[in-house]
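Look at the sequence and the model, then read on.

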Amino acid sequence: MPGSLKDAAALAALFEELIVVLDLKVVGQPQWHVFPEPGGITGLTLLAESHLGIHTFPEHGFAALNVYCCRPRERPDFEALLARHLGAAACVVRELKRGVTA
């Protein structure tokens, strides 16, 4: 897994699949920043619905993926997506409902 956390193509493929699976509308070009060793990659894609972001920490075998979306939709199988694209052995998903409460 640490090798995939430094692989911009693997991260881009993950984003591309999420965009298709969730029927998201990309605004502009994805942005990627590769940190010097032993660092990872930060990626951001602006969406009409909000944004996708990822921060990888290969030195810790960890990635934080943020999927912010303003429209309700089915939850994708994050565990399978992250296992396939990044070789993740474990995945913790936290879902926060978006919106304003008065």
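Q: Leaving aside its neighbours within four places in sequence, which residues is H85 in contact with?
A: This is a predicted model. H85 has its place in helix α2. Contact here means heavy atoms within 4.5 Å. Neighbours within four places in sequence aside, the contacts of H85 are S4, A10, A13, L14 and E17.

Q: Is H85 buried or exposed?
A: The relative accessible area of H85 is 17%. Buried means under 20%. H85 is therefore buried.

Q: At what distance does a polar contact join the side chains of H85 and E17?
A: E17 has its place in helix α1, while H85 belongs to helix α2. The two are 68 residues apart along the chain, and their C-alpha atoms are separated by 9.6 Å. Their side chains are joined by a polar contact of 2.6 Å.

Q: Is E17 buried, partly exposed or exposed?
A: E17 touches L81, R84 and H85, not counting residues up to four places away in sequence. Its relative accessibility is 25%. Buried means under 20% and exposed means over 50%, with partly exposed in between. E17 therefore counts as partly exposed.

Q: What is the angle at which helix α1 and helix α2 pack?
A: Two packed helices are described by the angle between their axes and the distance between the axes. Helix α1 covers residues 8-21 and helix α2 covers residues 78-86. Their axes are 9 Å apart, and the packing angle is about 150°.

Q: Is α1 roughly parallel or roughly antiparallel to α2?
A: The angle between α1 and α2 is about 150°. Angles over 145 degrees count as roughly antiparallel. That makes α1, relative to α2, roughly antiparallel.

Q: Is the crossing of α1 and α2 left-handed or right-handed?
A: On the α1 side, A10, L11, A13, L14, E17 and L18 meet F78, L81, L82, R84, H85 and L86 in α2. By class, this contact has nine nonpolar, one polar and two charged residues. The crossing of the two helices is right-handed.

Q: Which backbone nitrogen does the side chain of E49 reach?
A: E49 is found in the loop between β2 (41-46) and β3 (50-57). With 6% relative accessibility, E49 counts as buried. Neighbours within four places in sequence aside, E49 is in contact with D23, L24, K25, Y68, C69, C70 and R71. At 3.1 Å, its side chain reaches the backbone nitrogen of K25.

Terms used. Residues numbered from 1 in each chain as written. Predicted model: local features only at pLDDT ≥ 70, side-chain atom pairs only at ≥ 80, totals over all residues. Heavy atoms only, no water. Axes fitted to C-alpha atoms, helices over the stretch in contact; angles between N-to-C directions. Helix = DSSP H or I, 4+ residues; strand = E, 2+ residues; numbered from the N terminus. Parallel < 35°, antiparallel > 145°, perpendicular 65-115°, else oblique. Left-handed = near helix turned anticlockwise from the far one by under 90°. Nonpolar A, V, L, I, M, F, W, Y, C, P; charged D, E, K, R; others polar. Buried < 20%, exposed > 50% of the residue type's maximum accessible area, 1.4 Å probe, protein only. Polar contact = N/O pair within 3.5 Å; in protein donor to acceptor, adjacent residues only side chain to side chain.
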